[in-house]
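I opened this entry to keep track of what I looked up, item by item. The chain and its model come next.

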Amino acid sequence: MANEIVNVLKVMGIVLNINDAILGLTILAWGNSIGDFVANFSVAKKGSPMMGISACYGGPVFNLLVGMGLPFTIETFRRPNHIKLIYDPSVTILSAFLFASLVSTLVVMLITKFHVRRNYGFYLLFLYVAFVICAIVNAAQN
């Protein structure tokens, strides 16, 4: 099933002339995250906001560390030398925005004693829109 979704996205990218990295950062990420969003939102609405917020960070951390660590480990058993990854500038943009969101969240939570305010939600949405715009502009230039 996952291979079919990736193939459909690749065809969309070819037809619409959209970079693979942009498809991954937008369409695939949105599709992959919608279930988590609904679950986290429901948990928070039912009176457990800390559990919802923890899941917002716990899920992606698991996906990033285990989702990359396990395949890389398995592949290094097959090819003991090393794995060569192809660098794409979008990785730098992704890393910068991820770092900015994590650090700013930590700082704001410490300053506000873990009381989340509406303006911080708007800030995070703005940060995401800025990220998507930067990623699309970068892809258009490459």
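I take helices (H or I, at least four residues) and strands (E, at least two) as DSSP runs, numbered from the N terminus. The model is predicted, so I note that local features need pLDDT of at least 70, that side-chain atom pairs count only at pLDDT 80 or more, and that totals for chains, interfaces and linings use all residues. Residues are numbered from 1 along each chain as its sequence is written, and side-chain values use heavy atoms, with hydrogens and water left out.

Entry on Asn-138.
I looked up Asn-138 and found it in helix 5. Is Asn-138 buried or exposed? Asn-138 counts as buried, at 11% relative accessibility. For this I use buried for under 20% relative accessible area, exposed for over 50%, and partly exposed for in between (1.4 Å probe, protein chains only). I then listed its contacts, where contact means heavy atoms within 4.5 Å. Leaving out residues up to four places away in sequence, Asn-138 touches Asp-88, Pro-89, Ser-90 and Ile-93.

Entry on the core.
I define a nonpolar core as a set of buried Ala, Val, Leu, Ile, Met, Phe, Trp, Tyr and Cys residues joined through side-chain atoms within 4.5 Å. The largest one has 10 residues, namely Ile-22, Leu-25, Ile-93, Phe-97, Leu-127, Ala-130, Phe-131, Val-132, Ala-135 and Ala-139. Two or more residues of this core come from each of helix 2 (20–45), helix 4 (89–111) and helix 5 (118–141). Helix 5 gives the most, with 6 residues. I also checked Ala-139, which touches Asn-19 and Ile-22 when residues up to four places away in sequence are not counted.

Entry on salt bridges.
How many salt bridges does a search of the whole structure find? The search finds 2, a salt bridge being a side-chain nitrogen of Lys or Arg within 4 Å of a carboxyl oxygen of Asp or Glu. Glu-75 and Arg-78 meet through their side chains at 3.4 Å, N to O. These two residues are 3 apart in helix 3 (residues 49–78), so about one helical turn separates them. Glu-75 counts as buried at 17% relative accessibility, whereas Arg-78 is exposed at 64% relative accessible area. Arg-79 forms a salt bridge with Glu-75, with the closest N and O atoms 2.8 Å apart. Arg-79 is partly exposed, its relative accessible area being 47%. I record Glu-75, Arg-78 and Arg-79 as one network, joined by salt bridges that share partners.
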